[in-house]
Amino acid sequence: MLDIKKIKWIRVIGLCFLLLVLACNENSTDKHIQKDLPGENNTAKLTDMGNDQWRIGNYQEALSYFTRAYKMAKASKDQKETATLLNNLGLVQWRLENNTAAMECYTEAAVMAEKNGMKRLLGLTHTNRALILKEQRDFKAAFDQNNKAIDIFKELGESRELAIAYNNQGQIYRFSEAFPPALKFYLLSLEECKKINYLEGMATAYQNLSTVYAKQGNKVKALWAGHKCLKLSYEVKSKVRISEGLRELSRNYDLFNVQDSALYYYKKHYDAEKEIMEANQSNLLSQYQANLGMEVKNLRITNLQNEKEIANTRFMLIAVSVIIALLIAAFFIYRYLSVIKFRKSQLELQLQNSLQLIQIKEEELKTYIIDLTNKNNIINRLQYPEREITEPDYDINNLLEQKILTDDGWDKFKLRFEAIYPDFFNRIRASGIPVSEAEIRVLVLMRLQLNATDMANVLGISPQSVRACKMRLKKKLITNDYESVEQYLQFIIS
């Protein structure tokens with residue numbers, strides 16, 4: 001009867017909860033549909049925002065914008081836009097030092113670019129993969145990728161990209177400490193930059209040439225290339241390039257032991273780095289202020305929407321309150337029924353335990369009577385020495401049939417055992433270890449080769465008690481250089 005009532009209440013609770021979940025999901029689904037509807041050119045806007053964050057070095061924000069743009073492009077099945085965004089994502093992941101993710105993006109972008117005839121993008125993916133492989137010191141694979149990029153840009157006649165690919169080829173050779181071929185490709189890069197008057201690329205080429213000349217010990221050319229790099233950097237007004245040029249000159253002057261010039265250019269490099277840092281901080285601050293303004297605007301819109309939702313959901317709040325009240329009432333009813341069922345099960349368990357206890361006591365009484373009879377037989381044998389059996393095995397069998405339930409029974413058992421093993425108790429006392437009476441009984445029964453269950457039957461205790469006694473004894477023996485009770489027993493009987 002109790003189970004039927006409980007099932008009815010559970011059904012009522014489940015129905016109310018289902019209605020509540022459906023109402024909440026319906027409302028939240030409408031809200032998310034309104035918020036997530038993409039407008040026109042959202043992909044382009046997100047890409048532009050990602051590029052802005054990239055330029056100021058806020059790579060985590062750039063990753064967020066590019067990821068959202070990529071998902072939109074993929075959903076619209078625009079493979080060209082998707083391939084471009086994958087390449088952008090690879091660049092961001094590379095800056096965030098996640099080379100595994102960057103390689104996956106470049107590889108997937110390359111597959112899409114080749115499929116859609118986007119040769120320039122395909123060349124860029126080869127160049128970008130070569131950069132990562134160079135950092136991983138896998139020079140063979142890096143050369144394979146970069147050579148493919150060079151072939152593509154030669155075919156397209158893209159001098160700017162070809163100059164970058166030549167420069168990367170020189171970097172791979174330089175990192176593998178092959179300076180002559182590195183010098184060759186830096187010069188090729190410089191020639192391509194001159195064709196299109198690509199000043200920043202020329203500055204980069206001169207910087208790399210300065211590094212290689214310095215490695216080769218050519219002081220004149222190293223310093224000449226370093227000054228050319230710095231001059232072009234000032235012309236393009238690139239703070240990063242200026243800082244790199246100053247550092248290159250400082251490093252080379254230091255290498256050739258011109259310490260005054262090295263210190264001079266190092267101080268200028270420090271000032272340039274400081275200026276870049278301050279500019280970045282200013283840009284970041286402006287970006288954060290713009291984001292804060294946007295957040296405030298969004299917060300106001302959200303507040304208006306929330307007010308509208310509150311006005312439209314008063315009835316639902318009342319319904320929810322009623323459901324909560326029903327759930328609370330159902331909880332207390334269920335708890336009351338559970339308490340009744342628990343009390344009933346407790347009473348049944350107590351009754352079952354009482355019956356088992358009575359049965360155990362009856363068995364103990366029978367065992368005691370049998371044991372008493374056995375003890376009387378042993379006493380009769382002791383009273384008539386001429387009838388004493390001299391074979392130890394027979395005496396041991398008599399001992400095994402005896403139970404030790406009282407101190408008197410133990411004393412008698414001890415006398416019989418000592419008659420068979422006269423030195424056993426003396427060896428225990430001679431060991432100097434404080435062994436208790438209960439532990440001596442366990443040792444005696446172990447000498448008779450009884451297991452824990454048989455010991456428990458003889459002593460009239462539980463097997464758990466026997467094991468506990470052995471554990472206590474073992475702890476004492478360990479402190480006296482015995483690893484186990486068996487080792488100590490072997491010492492006594494040896």
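1. Leaving aside neighbours within four places in sequence, which residues is Leu445 in contact with? They are Phe413, Leu450, Met455, Val458 and Leu459; contact means heavy atoms within 4.5 Å.

2. This is a predicted model, in which local features need pLDDT of at least 70 and side-chain atom pairs count only at pLDDT 80 or more, while totals for chains, interfaces and linings use all residues. Residues are numbered from 1 along each chain as its sequence is written, and side-chain values use heavy atoms, with hydrogens and water left out.

3. The protein has 21 helices and 0 strands (DSSP runs, H or I of at least four residues for helices, E of at least two for strands, numbered from the N terminus). Of its 494 residues, 35% count as buried, that is, under 20% relative accessible area with a 1.4 Å probe, protein chains only.

4. The largest nonpolar core has 32 residues. Such a core is a set of buried Ala, Val, Leu, Ile, Met, Phe, Trp, Tyr and Cys residues joined through side-chain atoms within 4.5 Å. Leu445 is among those with the most contacts inside this core, as are Phe424, Ile428 and Tyr488. Helix α18 (437–447) gives the most to the core, with 6 residues.

5. A second, separate core of 29 residues includes Phe66, Tyr70, Ala110 and Ile150.

6. The axes of α17 (residues 424–431) and α21 (residues 485–493) come within 9 Å and cross at roughly 115°; axes are lines fitted to C-alpha atoms over the stretch in contact, and angles run from 0 to 180 degrees between N-to-C directions. In this pair, Phe424, Arg427, Ile428 and Ser431 of α17 meet Tyr488, Leu489, Phe491, Ile492 and Ile493 of α21.

Methods
Buried < 20%, exposed > 50% of the residue type's maximum accessible area, 1.4 Å probe, protein only.
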